[in-house]
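This briefing sets out selected features of the structure shown below, grouped by topic. It is meant to be read beside the sequence and the coordinates.

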Number of protein chains: 2
Amino acid sequence: MNDSAPHRHGTATPPGANPLTVEVTRGQMVESRHRVSVAVCDPDGKVVRHWGDIERPVYARSSIKPLQALPLIESGAADAFGLSDAEIALACASHNGEKRHVDTVRAWLARIGLGQDALECGPQPPFHDRAAMARIDAGEDLASLYNNCSGKHSGFLTTAVHKSENPRGYIRLEHPVQQRVLGVLEQICGLDLGNAPKGIDGCGIPVMGIPLGNIAMAMARMADPDGLPDHRAAAAKRIVSAMMAEPFMIAGTNRFTTRMMTALKGRVALKGGAEGFHVAILPTLGLGVALKCDDGAGRAADATMAMVLAHLGVLTEAEQAELADVMFPTVENRARLAVGRVQRAADAPF
Amino acid sequence: MNDSAPHRHGTATPPGANPLTVEVTRGQMVESRHRVSVAVCDPDGKVVRHWGDIERPVYARSSIKPLQALPLIESGAADAFGLSDAEIALACASHNGEKRHVDTVRAWLARIGLGQDALECGPQPPFHDRAAMARIDAGEDLASLYNNCSGKHSGFLTTAVHKSENPRGYIRLEHPVQQRVLGVLEQICGLDLGNAPKGIDGCGIPVMGIPLGNIAMAMARMADPDGLPDHRAAAAKRIVSAMMAEPFMIAGTNRFTTRMMTALKGRVALKGGAEGFHVAILPTLGLGVALKCDDGAGRAADATMAMVLAHLGVLTEAEQAELADVMFPTVENRARLAVGRVQRAADAPF
């Protein structure tokens, strides 16, 4: 295994020259355009395909969640508390805050002896549940459960409780929970992250700037973990298997990742992230994909991931036709009339 | 007056090479980047400044509303129904659906003898008013009033009623309401729009692809209308004056346009549009500005407009400091912690 930066084909693309991959039409013309960089790597760090700059550090945001869940399994916490596939999938999720998501998180927290007040992810209005929104408006403090990251945070808390650590402040880089995550990221991404650019994620935890190629390599190691230490390989397999078994828990109704993973069951674990990030773990190919939209648009990240999966042969042509509405969604106006489309850019390189 | 396409300084910029103007940071690094094209024109079509491609047709979306309001004044409808500055401003608005917006639209419609069922703009959830959202959920049909375009549509209806036209179908290109708008756009943009690329806007009305330079020229003609036919010049002055007098009506609480126009009263009428559009009408300089973010991001359109206004000397340095929070907003996480910033890109050309 090569723990240094991934090898590259060809020369580095200058920053800002990432390819146009997705365009959004309205009526007779293209209205908006998106540039995306893409890395497809194998577990040894070989770059199998790349388009655009894959060396510049980027924040993978919520796409990193499957890696952040590794300590939950490796520590023995998941076994100690008998976590189900649904709960492990939620630890990797950016969920909609639908009833099943919230009920599962609430019951899980109760099992580790904590309430939602232990969550440090901050509140998020439950747009998919206006009844709950009204209860929150009326003063009921539910909002942290509805945060799309509440499963990941429950995973962090579960590890802390299992290790008999004070969970308070578990979102801070200094806390053992985040230090374990940092160690995992350094090993699986093949990088010393001590000097990596750092920031704070939407849910309060640290984010690290990591080159796109290294993130793709890490996802390839999740897809084909045989080169990882035994305990990490077993944890990776369990996480990827749970994600693929419970696609609803990863996102929810009508979400791209849930729709795609449901249709392609067993072939891909997908995870989107804020600001136009997306990763794919491809166990049948033993590859990982990471992509970032320059401008942060989720619509372009989703469509580009669909295009990359098609390019790699993960979807059949029949599946592409069946999934067209989620791969390349219609743009609707307020009266729900179809007025445009998200589509492959005319000069997209794949 | 030059009714052909605007003159250009220098050569056309190839599509896709529009300058990076805005970047969004998180912690220690830039997370996302936006490219924007900008045209600053005078009423004769001279391009005073330009960055990027200003010849490619673009949809100005809601930024075109001040021009679409011209027939409301020119037809005599505004006088016949005694429209206030607040109502004329609402005809040019993309409002928040706050109480004052909705109450004003409701009372205006009542004055022309119509109810909200005459609005063909489609529903829009009133995110700023959860009590109203709950009433809509309970079956009360309020949602068209809350549509951010309900003022513009009320203006269309007012003109139709004044002209004794059947208002039904007023959103269709064939209807006299839209034909009058088309005629105004052709004259003030200096273009035959018969073959322009067309589409349907979010609120159901036609949108036309028009080069950015021509839109900037049209806004300059609103800023300095002395070269327009008398009735149009008078209508332009009344619209710009109403917009500047009632900045709350144009958008609402905490919105960029409302904050900027309130602070710069009498110096600028601003109007944003969907998919990263923005225009400025600058009566003290006799200039118009139009800009479009390649990827459709409103955050980049707002910040770039602020930068252009600063570049043109419309804002003093003291005002830039005072308005920094709206020109270059903080990125907050769910716990409301400041974790990043929208800022001028390192290599922005202005």
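The 13 residues of α8(B) should span 18 Å at 1.5 Å a residue, and its end C-alpha atoms are 18 Å apart, which agrees; the expected span is 1.5 Å times one less than the number of residues. Helices (H or I, at least four residues) and strands (E, at least two) are DSSP runs numbered from the N terminus. The model is predicted: local features need pLDDT of at least 70, side-chain atom pairs count only at pLDDT 80 or more, and totals for chains, interfaces and linings use all residues. Residues are numbered from 1 along each chain as its sequence is written, chains are lettered from A and ligands numbered from 1 in the order in which they are written, and side-chain values use heavy atoms, with hydrogens and water left out.

*Helix α8 in chain B*
- α8(B) is mostly covered, with 11 of its 13 residues buried; buried means under 20% relative accessible area, exposed over 50%, and partly exposed in between (1.4 Å probe, protein chains only).
- The buried residues of α8(B) include S150(B), K152(B), H153(B), F156(B) and L157(B).
- After α8(B) comes S164(B), with a positive phi near 55 degrees.

*Helix α8 in chain A*
- In chain A, helix α8 covers residues 150-162, and its 13 residues reach 18 Å from first C-alpha to last, close to the 18 Å expected at 1.5 Å a residue.
- Of the 13 residues of α8(A), 11 are buried, and the helix is mostly covered.
- Among the buried residues of α8(A) are G151(A), S154(A), G155(A), T158(A), T159(A) and A160(A).
- S164(A), which follows α8(A), has a positive phi near 55 degrees.

*Helix α5 in chain B*
- Helix α5 of chain B (residues 99-111) has 13 residues and an end-to-end C-alpha distance of 18 Å, close to the 18 Å expected at 1.5 Å a residue.
- Its buried residues are H101(B), V102(B), T104(B), V105(B), W108(B) and L109(B).
- Seen down the axis of α5(B), these buried residues fall within an arc of 165 degrees, so they line one face of the helix; the arc is that of the directions from the helix axis to the C-beta atoms.
- An α-helix has 3.6 residues a turn, so residues three or four places apart point the same way.
- K99(B) and A110(B), on the other side of α5(B), are exposed.
- The cover over the buried residues of α5(B) includes α4 (85-91), α7 (143-146), α8 (150-162) and α12 (247-250) of chain B.

**Chain A as a whole**
- Chain A has 16 helices and 11 strands.
- The radius of gyration of chain A is 20 Å, close to the 20 Å that the globule rule gives for 350 residues, so the chain is as compact as a globular protein of that length; this radius is taken over C-alpha atoms, and the globule rule is 2.2 Å times the number of residues to the power 0.38.
- Along the principal axes, the C-alpha atoms of chain A fill a box of roughly 55 × 55 × 35 Å.
- Of its 350 residues, 62% count as buried.
- Among contacts in chain A with a separation of 6 or more, 67% join residues 24 or more positions apart; contact means heavy atoms within 4.5 Å.

- A60(A) lies in the loop between β4 (57-59) and α1 (65-68) of chain A, and at 4% relative accessibility it counts as buried.
- The C-alpha atoms of A60(A) and I210(A) are 7.7 Å apart, although the two residues are 150 apart in sequence.
- Leaving aside neighbours within four places in sequence, A60(A) is in contact with I215(A), G273(A) and F277(A).

- Most residues other than glycine have a negative phi.
- N254(A) has a positive phi near 65 degrees; N254(A) lies in the loop between α12 (247-250) and α13 (256-263) of chain A and, at 65% relative accessibility, is exposed.
- E275(B) has a positive phi of about 60 degrees; E275(B) lies in the loop between β7 (269-273) and β8 (277-282) of chain B and is buried, at 16% relative accessible area.

**Cysteines**
- A search of the whole structure finds 0 disulfides over all chains, a disulfide being a pair of cysteine sulfur atoms within 2.5 Å.
- C189(A) is in no disulfide, and the nearest cysteine sulfur, that of C41(A), is 11 Å away; C189(A) is buried, with a relative accessible area of 0%.
- The sulfur of C92(B) is 12 Å from the closest cysteine sulfur, in C149(B), too far for a bond; C92(B) is buried, with a relative accessible area of 0%.
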